[in-house]
Amino acid sequence: MGVSKSAVLILVLATGLNICINLVESQRNGQFPFIFQNISLAADPSTTKFYTTTLEIGNKTDLSYNQTIFTNAVNSFYGGNTTGLYGFASVSNIESTDSPSGQTVVSYSVVYNYTTLYDGTGGKDSAIDKSIGNVTVVKNGIESDTMFNSLFFVNENSFVFNGEKLCGKLACSGNFVTCSEVLTGVTVECVSNCYSGI
């Protein structure tokens with residue numbers, strides 16, 4: 001008589017749960033002081049990551065918002081050497097709307113080659129926080145464009161920054177592991193489910 005698929009599934013789940021319980025208990029009582037090592041995902045060399053930024057642009061003159069001038073300014077900032085980041089590919093998805101205050105809200109995506117960006121930052125999320133994720137750095141970078149700065153300014157109070165989710169693009173191999181990431185950084189790891197709660 002064969003074993004049903006549901007019985008096999010229950011046995012696998014029970015075994016996995018039992019392993020986690022034993023590991024947690026051994027960690028608590030010091031009997032087996034396991035140390036879990038999170039594993040960075042090996043990304044395909046062509047994998048990209050988008051960072052989306054929203055800014056409010058104010059006018060210094062009577063001239064209304066000009067997307068060409070803005071595009072040139074952001075490409076100069078992100079594509080130049082001022083961010084200290086590597087792997088820049090493009091600025092895309094630039095969209096603008098009028099705000100109630102009469103200024104212009106602009107949203108755009110900056111695309112990076114993920115592997116190059118990760119290697120260049122040494123895998124440190126702080127490298128993103130201190131550069132393209134920092135409103136003062138972004139404001140100063142965009143306003144360093146002479147044409148933009150003569151006509152417009154960036155309102156620091158309107159800054160919104162987030163990163164694309166890569167866990168859907170990259171898969172963890174092995175059993176009882178979950179993809180974990182820092183959206184506004186570069187960290188994408190496979191974390192043992194047993195690690196949770198220890």
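Does Cys-179 count as buried, partly exposed or exposed, and at what relative accessibility? In this predicted model, Cys-179 has a relative accessibility of 22% and therefore counts as partly exposed.

Cys-167 and Cys-179 form a disulfide in which the sulfur atoms lie 2.0 Å apart. The two residues are 12 residues apart and link distant parts of the chain: Cys-167 sits in the loop between strand E5 (152–163) and strand E6 (177–181), whereas Cys-179 is part of strand E6 itself. The link between Cys-167 and Cys-179 is left-handed, with -80° about the S-S bond. A search of the whole structure finds 1 disulfide.

The wider architecture gives the setting for this link. The protein contains 6 helices and 7 strands. Read from the N terminus on, its elements follow the order α-β-β-α-β-β-α-α-α-α-β-β-β.

The packing can be described for the protein as a whole. The protein has 198 residues, of which 37% count as buried. Where contacts join residues at least 6 apart in sequence, 67% of them connect residues at least 24 apart. The accessible surface of the protein comes to about 11,300 Å², and carbon and sulfur atoms account for 54% of that surface.

Conventions:
Residues numbered from 1 in each chain as written. Predicted model: local features only at pLDDT ≥ 70, side-chain atom pairs only at ≥ 80, totals over all residues. Heavy atoms only, no water. Disulfide = S-S within 2.5 Å. Helix = DSSP H or I, 4+ residues; strand = E, 2+ residues; numbered from the N terminus. Buried < 20%, exposed > 50% of the residue type's maximum accessible area, 1.4 Å probe, protein only. Contact = heavy atoms within 4.5 Å. Areas by Shrake-Rupley, 256 points an atom, 1.4 Å probe, with all protein chains shown as cover.
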